[in-house]
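Here is a short report on one predicted model. Read it with the structure open beside you.

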Amino acid sequence: MSDRSTARRGGLLAGALLLVGALTACGVDAVPTGEGTPLTGGTITYGHDQEPPCLYGGWIQQAYLSRQFLDSLVSQDDDGEIVPWLADAWEVSDDQLTWTFTLREGVRFSDGTPLDARAVSRNFEFWLDEQGNGTVGAYLADYYETSRAVDPTTFELSLSRPYTPLLSALSQAYFGIQSPTALARGPEANCEQPVGSGPFVVEEWRRGDGVTFTRNPDYQWGPANARHQGPAHVERLVWKFLHDPVARYGSLTSGETDVIYDVPTPEWSRAQELFQVEQYITPGRPVSLALNTVKGPFTDLRVRQAFAHAGDREGSVRSAFNGVIPFEGNGSVSQSTPGYDPDAADDYPYDPERANALLDEAGWTEFNDDGYRVRDGEELRITLVYGAGYVFTPEGATMLQNLQAQVKEVGFHVTLIPATQAEILSGTYAGPDAYDAYPSYWTSPTAGILYITFRQDLPEKPNKSNSQFYNNPELEELIVRANSAATRAEADELYGRAQRLISDEAATLGLYTQTTSLAVARDLKDVWIEDSQGEPVFHDAYFVR
């Protein structure tokens, strides 16, 4: 476990801290001591890069926010173990179909509504029966049967078939529990000002600028892996949207912000000297290139494999990200994910000679005056659509440009199409006619993410998350068996076979790990990154003099 934790974290440089029992005049729980004199109260100003359309939901940018004001049933600690949060305990029936959670007593949402089993059940109904959260649906819709309140503190979740990764999935902020009273207000009010039981309360959202959170003075139910129990140490959290990476880093150096997300890699070395920094390799699917397997040149396995060999992906990543972000050769599961198979990461080393041979075999034997391969008069054109400033930072865009230049050497003509967040979210580039290659990622604490990203896309059962349009019943069967495996070892073996099959088919190519990085001013302590999907946590943070 320690190896896995070490692999995920590049190292929090804040000093070790001790807890003391003194209470402050404003009722804040014990304030740690360590470097400097601890202060109570104050406002943390945090600079983040992207603004979602709603303050909660199924996108990681929403999870970053909702982690601050919603609590989940369970949490995942730094060793990957599931620990109590709103649920004190849980048990599963012998057939693995009925999960019973015992809830903490005395928990209330910030609007005064009791957080009881009925409230939890109402959230599951909202997510799954009413399609209130697409990501929750992607995880559980094919497994969820019913939920019910046995009594005020006993919540029962019934599944249609065993789902081994359930607790890991529930630890994510997508599964944060909202007040049923607030949910009844309707989607517009909940989008603007959702209500949870977390350490902060949404005070105001100024679109295009930021969100202000205030401390929940009644908070006494942090997760077992929190660094303290009780209300947040600071009074207010101001979440600024600072999309430009240069401006975001500048806000920290000027003192406008206390913490920033996604430290620009050209500044990483300097940031290590000036600030506390933390880097976290997010589990799930890494940033990878989905290849369109049903239309265009990549319908031919040899062409997909040639493209994989044609580019020095590792060198491109190292160069573009200044050696700060790790290369990930496995395109389906990231190296920090339980069940990761490293063998699937090494299948396609940079080998232009092999790429040329594969393209010759596939019939792309001629070259035009521009140096691109041609077959039957058709140029070997690849359309690569990417989220510019959305999935890809400027460093990521540079990496794609490097790759574009490298694969040209063997005759690929790659056209890069930067797409806006609005275009991506509206589905402009969603179908197989829209691209030949499309890079994306999906944060998840489990290799069960394969069920979401590689389950078949069939007319009777569409899967819009299968961005390579790769349908393989054998692969789906492996993943389904892994999701219901009786033991962790069995699950990992099946997930590994699935990753190797995907790699053999070159349906997706790994690029680099999705990574959360933070830079924190030295007078702010105990900002940490949670384990399930890399959200910053401010509940424990406090200033020192």
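Strands β12 and β21 pair in the antiparallel sense, with six bridges between them.

How many residues of β12 are buried? Six of the six are buried, so β12 is largely enclosed by the rest of the structure. In a regular strand, side chains alternate between the two faces of the sheet. In β12, Gln276, Glu278 and Tyr280 lie on one side, and Val277, Gln279 and Ile281 lie on the other. Both faces are covered.

Now take the whole sheet. Seven strands form it, and it is open. Their order is β8-β9-β10-β1-β11-β21-β12, with mixed pairing. The edge strands are β8 (200-206) and β12 (276-281), and each pairs on one side only. Neighbouring strands of this sheet are turned by 20° against each other on average, direction ignored.

Strands of a sheet pair through backbone hydrogen bonds, either parallel or antiparallel. The two pairings below show both senses.

| Strand pair | Sense | Bridges | A bridge partner pair |
|---|---|---|---|
| β1 and β10 | parallel | six | Thr45 and Val238 |

Strand β1 covers residues 43-48, and β10 covers residues 236-241. Helix α8 (residues 245-253) lies across β1, β11 (259-261) and β21 (515-520). Against β11, helix α8 runs at about 165°.

Next, a pair of helices. Two packed helices are described by the angle between their axes and the distance between the axes. Helix α10 (residues 301-310) and helix α12 (residues 352-361) pack at about 160°, with axes 8 Å apart. Angles over 145 degrees count as roughly antiparallel, and α10 and α12 are therefore roughly antiparallel to each other. Their crossing is left-handed. From α10, the contact uses Arg302, Val303, Gln305, Ala306, His309 and Ala310. From α12, Pro352, Arg354, Ala355, Leu358, Leu359 and Glu361 take part. The residues of this contact of α10 with α12 divide into seven nonpolar, two polar and three charged.

Last, a single residue. Asn123 lies in helix α3 (residues 117-129). Is Asn123 buried or exposed? Its relative accessibility is 0%, so Asn123 counts as buried. Which residues does Asn123 touch, leaving out those up to four places away in sequence? Asn123 touches Gly176, Ile177, Gln178 and Leu183.

Terms used. Residues are numbered from 1 along each chain as its sequence is written. This is a predicted model: local features need pLDDT of at least 70, side-chain atom pairs count only at pLDDT 80 or more; totals for chains, interfaces and linings use all residues. Side-chain values use heavy atoms; hydrogens and water are left out. Two strands pair if DSSP finds at least two bridges between them. Helices (H or I, at least four residues) and strands (E, at least two) are DSSP runs, numbered from the N terminus. Axes are lines fitted to C-alpha atoms, for helices over the stretch in contact, and angles run from 0 to 180 degrees between N-to-C directions. Contact means heavy atoms within 4.5 Å. Buried means under 20% relative accessible area, exposed over 50%, partly exposed in between (1.4 Å probe, protein chains only). Angles under 35 degrees count as roughly parallel, over 145 as roughly antiparallel, 65 to 115 as roughly perpendicular and the rest as oblique. A crossing is left-handed if the near helix is turned anticlockwise from the far one by less than a right angle, and right-handed if clockwise. Ala, Val, Leu, Ile, Met, Phe, Trp, Tyr, Cys and Pro count as nonpolar, Asp, Glu, Lys and Arg as charged, and the others, Gly among them, as polar.
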